[in-house]
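User: I am new to this structure and would like to learn how to read its features. Please take me through them one at a time.

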Amino acid sequence: MSQAPVMTAGIFCGTTKPESAEEYLRPMVVEMNDLMQRDIIVHGCHVAIRLRAIVADTPARAFIKGVKGHTGYDSCLKCTVVGKYSQAGCTMTFPGTNALQRTDKCFRDNAYPGHRKTETPLVDLQFFNIIKDIPT
């Protein structure tokens with residue numbers, strides 16, 4: 001049971017995306033890991049800090065995770081379905097419902113080479129599941 005209300009830690013916006021996920025996210029990762037190790041005091045009570053989710057729009061999710069954008073063949077964030085491009089509709093579709101689910105362990109082990117493009121500091125967050133804790 002939560003001892004403190006859910007708090008928004010940060011909201012970011014700008015006219016362009018940051019140059020690098022490392023530069024953009026590393027300070028947050030370091031601070032969150034520190035807070036999760038020491039907890040904080042709210043009204044005299046020690047409160048454990050945990051990052052439950054990172055909420056972002058579709059392009060931002062791909063950027064912070066270092067993965068293919070939503071129009072790529074291996075771009076599904078939750079499963080390993082391979083997209084099919086439709087020339088007629090100029091769209092990418094992801095047919096089927098039986099693809100293997102992506103896992104935090106496989107993501108960290110770089111088992112998705114067609115999906116991952118770059119490294120992300122988010123893999124250094126303690127108690128964080130990079131698949132489940134970034135909702136779509």
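User: What is the mean pLDDT of the protein?

Analyst: This is a predicted model. Where pLDDT is low, the predicted coordinates should not be read in detail. Here the mean pLDDT is 89, and 96% of the residues reach 70 or more.

User: Where in the protein is confidence lowest, and where is it highest?

Analyst: The lowest mean, 84, belongs to strand β1 (residues 40-42). The highest, 97, belongs to helix α3 (residues 104-108).

User: How many residues does the largest nonpolar core have?

Analyst: In soluble globular proteins, nonpolar side chains tend to be buried together. In this protein the largest nonpolar core has 23 residues, and Leu122, Leu125, Phe128 and Ile130 have the most contacts inside it. Helices α1 and α2 each supply at least two of the core residues. The largest share, six residues, comes from α1.

User: Which residues does leucine 125 touch, leaving out those up to four places away in sequence?

Analyst: With that exclusion, leucine 125 touches Met28, Val29, Met32, Asn33, Met36, Leu51 and Arg108.

User: Is leucine 35 buried or exposed?

Analyst: Leucine 35 lies in helix α1. Its relative accessibility is 19%, so leucine 35 counts as buried, the cut-off being under 20%. Not counting residues up to four places away in sequence, leucine 35 touches Ile40 and Ile49. As for alanine 48, its C-alpha atom is separated by 8.3 Å from that of leucine 35, and the two residues are 13 apart along the chain.

User: How is an aromatic pair described, and how many are counted here?

Analyst: A pair of aromatic rings is described by the distance of the centres and the angle of the planes. The count here comes to one aromatic pair. Tyrosine 24 and phenylalanine 63 form this pair, which is tilted, with 6.5 Å from centre to centre and 55° between the planes. Since tyrosine 24 belongs to helix α1 (residues 21-38) and phenylalanine 63 to helix α2 (residues 58-65), the pair ties together parts that are 39 residues apart in sequence.

User: What is the relative accessible area of tyrosine 24, and how does phenylalanine 63 count?

Analyst: Tyrosine 24 has a relative accessible area of 33% and is partly exposed. Phenylalanine 63, at 14% relative accessibility, counts as buried.

User: Which ring does the charged end of arginine 116 sit over, and where does arginine 102 lie?

Analyst: The charged end of arginine 116 sits over the ring of phenylalanine 107, 4.4 Å from its centre. Arginine 102 lies over the face of tyrosine 112, at 4.7 Å from the ring centre.

Terms used
Residues numbered from 1 in each chain as written. Predicted model: local features only at pLDDT ≥ 70, side-chain atom pairs only at ≥ 80, totals over all residues. Heavy atoms only, no water. Phe/Tyr/Trp six-rings, centres within 6.5 Å; stacked < 30°, edge-to-face > 60°. Helix = DSSP H or I, 4+ residues; strand = E, 2+ residues; numbered from the N terminus. Buried < 20%, exposed > 50% of the residue type's maximum accessible area, 1.4 Å probe, protein only. Lys NZ or Arg CZ within 6 Å of the ring centre and 35° of its normal. Contact = heavy atoms within 4.5 Å. pLDDT = per-residue confidence, 0-100. Core = buried A, V, L, I, M, F, W, Y, C linked by side-chain atoms within 4.5 Å.
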